[in-house]
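User: I have a model open and would like to go through its architecture with you. Could we begin with the strands?
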Amino acid sequence: MTEVDLQKEIRKIIVQELIPDMKIFEPNTFKGFLQDIPLDLGYGNETEIVDKNVPCCIVKINAGEINGASKPETVTVEIIIVIKDESEDMSGYQTLMVVINRIRDYFTANVGIQNKYRMKYPIKWGINDNTIAPYFVGNLITQWDIERMPFHDIARFL
């Protein structure tokens, strides 16, 4: 049980369980990335790269904290949501809020993942004021308790 395993589980839940039944993104596919949108050097300008990867979420490990040798580690995971909405009334923030609410409500109802990770409150969310239409960006910040990996188990990852 590592921070990266938690990150992968959160992405899987969002992309496979929470978003597929939302018709608001069709015909586009909602994508999920770990830590950042991957570099794609095959495309020319920035707009093409963004358009290829939106709508999406980016599940990002931000920080961790250990408060004692026998205590679980607390890991901060940020979920960034990026959508594109070209409606003239600038209502993309409403679509963004639907996605934020879906994720927030899921983790409020299911504070644990596979009996391995336990979410802690509060859940923080926000909408980026610096977003440039037609793109809308929001985020959720969550904290999770995970059991720490014994030092001797780390060698298998090296």
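Analyst: V59 has I79 in β3 as its bridge partner. Please keep in mind that this is a predicted model.

User: Which strands pair there, and over how many bridges?
Analyst: Strand β2, residues 56–66, pairs with strand β3, residues 73–84. The two are antiparallel and share 10 bridges.

User: What is the strand order in the sheet?
Analyst: The order is β1-β2-β3-β6-β5-β4, in an open sheet of six strands with mixed pairing.

User: Which strands stand at the edges, and why is one side of each left without a neighbour?
Analyst: The edge strands are β1 (31–34) and β4 (112–113). Each has a single partner strand, so one side of each has no neighbour in the sheet.

User: And which strands does helix α1 touch?
Analyst: Helix α1, made of residues 3–18, packs on the sheet and touches β1, β2, β3, β4, β5 and β6 (135–146). The direction of α1 makes about 150° with that of β2.

User: What about helix α3?
Analyst: Helix α3 covers residues 92–109 and also packs on the sheet, where it touches β3, β4, β5 and β6. The angle between the direction of α3 and that of β5 is about 165°.

User: Staying with that helix, what is Y106 in contact with, sequence neighbours within four places left aside?
Analyst: Y106, which is placed in helix α3, is in contact with I13, E17 and L18 once those neighbours are left aside.

User: How far apart are Y106 and I13?
Analyst: In sequence, Y106 and I13 are 93 residues apart. In space, the distance from C-alpha to C-alpha is 9.4 Å.

User: Back to the sheet. How many bridges join β3 to β6?
Analyst: There are 12 bridges between β3 and β6, and the two strands run antiparallel. As for individual residues, V82 stands opposite V137 in β6.

User: And how many join β5 to β6?
Analyst: Eight bridges join β5 to β6, again with an antiparallel run. Here K120 stands opposite Q143 in β6.

User: Let me change topic. Where is N53, and what does it contact?
Analyst: N53 belongs to helix α2, residues 46–53. Apart from neighbours within four places in sequence, N53 is in contact with K31, F33 and I37.

User: Is N53 buried or exposed?
Analyst: N53 is buried, because its relative accessible area is 6%, and the cut-off for buried is under 20%.

User: Which residues form a nonpolar patch on the surface?
Analyst: The patch consists of Y93, W125 and I127, which together have about 290 Å² of accessible area.

User: Tell me about W125: where does it lie, and why does it count as partly exposed?
Analyst: W125 lies in strand β5, which comprises residues 117–127. Its relative accessibility is 42%, so W125 counts as partly exposed; that class lies between the limits of 20% and 50%.

User: Now the overall numbers. How many helices and strands are there, and in what pattern?
Analyst: The protein has three helices and six strands. Along the sequence they follow the pattern α-β-α-β-β-α-β-β-β.

User: How much of the protein is buried, and what is its accessible surface?
Analyst: The protein has 158 residues, of which 37% count as buried. Its accessible surface comes to about 9,500 Å², and carbon and sulfur atoms account for 51% of that.

User: Finally, what share of the contacts joins residues at least 24 apart?
Analyst: That share is 66%, taken among contacts between residues at least 6 apart in sequence.

How values were computed
Residues are numbered from 1 along each chain as its sequence is written. This is a predicted model: local features need pLDDT of at least 70, side-chain atom pairs count only at pLDDT 80 or more; totals for chains, interfaces and linings use all residues. Side-chain values use heavy atoms; hydrogens and water are left out. Patches are made of residues with over 30% relative accessible area and no salt bridge: like charges are joined within 9 Å, nonpolar side chains (Val, Leu, Ile, Met, Phe, Trp, Tyr) within 5 Å. Accessible areas come from the Shrake-Rupley method with a 1.4 Å probe; for residues, only the protein chains shown count as cover. A salt bridge is a side-chain nitrogen of Lys or Arg within 4 Å of a carboxyl oxygen of Asp or Glu. Buried means under 20% relative accessible area, exposed over 50%, partly exposed in between (1.4 Å probe, protein chains only). Contact means heavy atoms within 4.5 Å. Two strands pair if DSSP finds at least two bridges between them. Axes are lines fitted to C-alpha atoms, for helices over the stretch in contact, and angles run from 0 to 180 degrees between N-to-C directions.
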